[in-house]
Amino acid sequence: MTQVDELPADVTSWIDAVRYEEIADFPVERGYIWTACASVENANPLFWDDDVAAEVTGGPIAPPSMLSTWFRPHSWAPGQETQRLPLQVHFDLKDRLELPEAVMTDNTITFHEPVRPSDIITTRQRLRSVSPEKTTKLGTGRFWVIDVEYHNQRGELVGVESWTGFGYRRGER
């Protein structure tokens, strides 16, 4: 590994460490579920009909595709002094590694227990890896993989989103 490939010690310490464990600002709510389903004309009775939901999943659930909805920070809230950013580890890496540009190149979601109305979702972020410097058509930078884990108030894992990003400096090819 060359000097330019070496990660700062603090960034190395972030790998596999839990960062930014946060509780959602609001509980899972059926109004959000119905609005999301209506916006894409999702008529699946599992999300609309309590009898069907009871028979199939033991009660109402949220569409799995809504997993990140329960943690998207509002741009403003009473008493909030700074705006929270989703995927904060990504922005930390950009700042610490002095990589002003970034794109997300891949996103994979693995679902576990269903999310149900009134659940309170907690998230935490884990940096899984950071590559040595690479040069692409965009510029020179590093790829990184971040997992966002989602748990309900019972501590059950409800899903994991894995993000691959590429932070880079333009013009260095």
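Leaving aside its neighbours within four places in sequence, which residues is Leu93 in contact with? In this predicted model, Leu93 touches Val11, Trp14, Glu98, Leu127, Val130, Trp144 and Ile146. Keep that list in mind as we walk through the structure, since several of these names will come back.

Let's begin with the core. The largest nonpolar core has 29 residues, and Leu93 is among the members that touch the most others, along with Ile33, Trp70, Val115, Leu127 and Trp144. In soluble globular proteins, nonpolar side chains tend to be buried together. Which elements give two or more residues to this core? They are helix H1 (9–14), H2, H3, helix H5 (88–96), strand E3 (122–130) and E5. The largest share comes from E5, which supplies four residues.

Eleven of its 13 residues are buried, so E5 is largely enclosed by the rest of the structure. Now look at its partners. With E3, strand E5 pairs in the antiparallel sense over eight bridges, and here you can find Ser129 standing opposite Val145 of E5. Strand E4 (residues 134–135) also pairs with E5 in the antiparallel sense, over two bridges. In this pairing, Thr135 is opposite Thr140 of E5, and a hairpin of three joining residues leads from E4 to E5.

The next partner of E5 is E6, and these two strands pair in the antiparallel sense over 13 bridges. Trp144, which we met in the core, stands opposite Gly165 in E6. Five residues lie between E5 and E6 in their hairpin, and Gly155 in the turn has a positive phi of about 80°.

Now for the aromatic rings. How many aromatic pairs does the structure hold? There are six. One of them joins Trp34 and Trp48, whose rings are stacked, with 6.4 Å from centre to centre and 10° between the planes. Trp34 lies in helix H2 (residues 30–39) and Trp48 in helix H3 (residues 45–48), so this pair ties together parts that are 14 residues apart in sequence. Trp34 is partly exposed, at 34% relative accessibility, and Trp48 is partly exposed too, at 39%.

Why is the pair of Phe143 and Phe166 called tilted? The ring centres are 4.4 Å apart and the planes meet at 35°, and an angle under 30 degrees would count as stacked while one over 60 would count as edge-to-face, so this pair falls into the tilted class.

Finally, return to Trp14, one of the contacts of Leu93. The charged end of Arg19 sits over the ring of Trp14, 4.3 Å from the ring's centre.

How values were computed: Residues numbered from 1 in each chain as written. Predicted model: local features only at pLDDT ≥ 70, side-chain atom pairs only at ≥ 80, totals over all residues. Heavy atoms only, no water. Phe/Tyr/Trp six-rings, centres within 6.5 Å; stacked < 30°, edge-to-face > 60°. Buried < 20%, exposed > 50% of the residue type's maximum accessible area, 1.4 Å probe, protein only. Lys NZ or Arg CZ within 6 Å of the ring centre and 35° of its normal. Core = buried A, V, L, I, M, F, W, Y, C linked by side-chain atoms within 4.5 Å. Contact = heavy atoms within 4.5 Å. Pairing = 2+ DSSP bridges.
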